[in-house]
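Me: I am new to this structure. Can you show me how to read its features, one at a time?

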Amino acid sequence: MALQEEDRNNKEAMRLMNRSIRASFQKTGIVHYDAFSGMGGKMSFALAVLDYTNTGFVLNCMHSREGCFLYIKEVDAGTTDTPLGAEEKEALERALGYIND
């Protein structure tokens, strides 16, 4: 009887962990680039962060002498409603596993 109860508890714990894992961010892709020619150092980057269902966001940080500009675009099932720049698209493709280094 005690073993059956422990088995039920373990199965429920595993279901909860599986649900949590699927809801967490699991996939990432990052691209470093020079947003403005001649700035050097590739201080800008695009970062894609996705969950199990390929839903998440693409964060684009553009560095210049005047400051840093940050943009975020939502991703739903691997696609966006907002057009992506080349670096953002590459970061998303890396997170989706289309590009491997």
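Reply: Start with what a strand is. Strands are DSSP runs of type E with at least two residues, numbered from the N terminus. One caution: the model is predicted. Now a case: Asn 60 lies in strand S3.

Me: How do strands join into a sheet, and what is the strand order here?

Reply: In general, strands of a sheet pair through backbone hydrogen bonds, either parallel or antiparallel. Here 4 strands form an open sheet in the order S1-S2-S3-S4, with antiparallel pairing. Strand S1 (27-33) and strand S4 (68-75) are the edge strands, and each pairs on one side only. From one strand to the next, the twist averages 10°.

Me: Which strands does helix H2 touch?

Reply: Helix H2 (residues 86-96) packs on the sheet and touches S1, strand S2 (44-50), S3 and S4. The direction of H2 makes about 150° with that of S1.

Me: Back to Asn 60. Is Asn 60 buried or exposed?

Reply: Buried means under 20% relative accessible area. Asn 60 has 7%, so Asn 60 is buried.

Me: Which residues does Asn 60 touch?

Reply: Leave out residues up to four places away in sequence. Asn 60 then touches Tyr 33, Phe 45, Ala 46, Phe 69, Leu 70, Tyr 71 and Glu 88. With Glu 88 there is also a polar contact, side chain to side chain, at 3.2 Å.

Me: Now a loop residue. Where does Met 43 lie?

Reply: Met 43 lies in the loop between S1 and S2. Leaving aside neighbours within four places in sequence, Met 43 is in contact with Tyr 33 and His 63. For a distance, take Met 43 and Glu 87: their C-alpha atoms are separated by 13 Å, and the two are 44 residues apart along the chain.

Me: How many aromatic pairs does a search of the whole structure find?

Reply: The search finds 1 aromatic pair. Phe 25 and Phe 57 form this pair, 5.6 Å centre to centre. The planes are at 90°, and the pair is edge-to-face.

Me: Why does the pair tie together parts that are apart in sequence?

Reply: Look at where each partner sits. Phe 25 lies in the loop between helix H1 (2-23) and S1, and Phe 57 lies in strand S3, so the pair ties together parts 32 residues apart in sequence. As for accessibility, Phe 57 has 23% and counts as partly exposed.

Key. Residues are numbered from 1 along each chain as its sequence is written. This is a predicted model: local features need pLDDT of at least 70, side-chain atom pairs count only at pLDDT 80 or more; totals for chains, interfaces and linings use all residues. Side-chain values use heavy atoms; hydrogens and water are left out. Two strands pair if DSSP finds at least two bridges between them. Axes are lines fitted to C-alpha atoms, for helices over the stretch in contact, and angles run from 0 to 180 degrees between N-to-C directions. Contact means heavy atoms within 4.5 Å. Buried means under 20% relative accessible area, exposed over 50%, partly exposed in between (1.4 Å probe, protein chains only). A polar contact is a pair of N or O atoms within 3.5 Å; within protein, one must be able to donate a hydrogen and the other to accept it, and residues adjacent in sequence count only if both atoms are side-chain atoms. Rings of Phe, Tyr and Trp (its six-membered ring) pair if their centres lie within 6.5 Å; planes under 30 degrees apart count as stacked, over 60 as edge-to-face and the rest as tilted.
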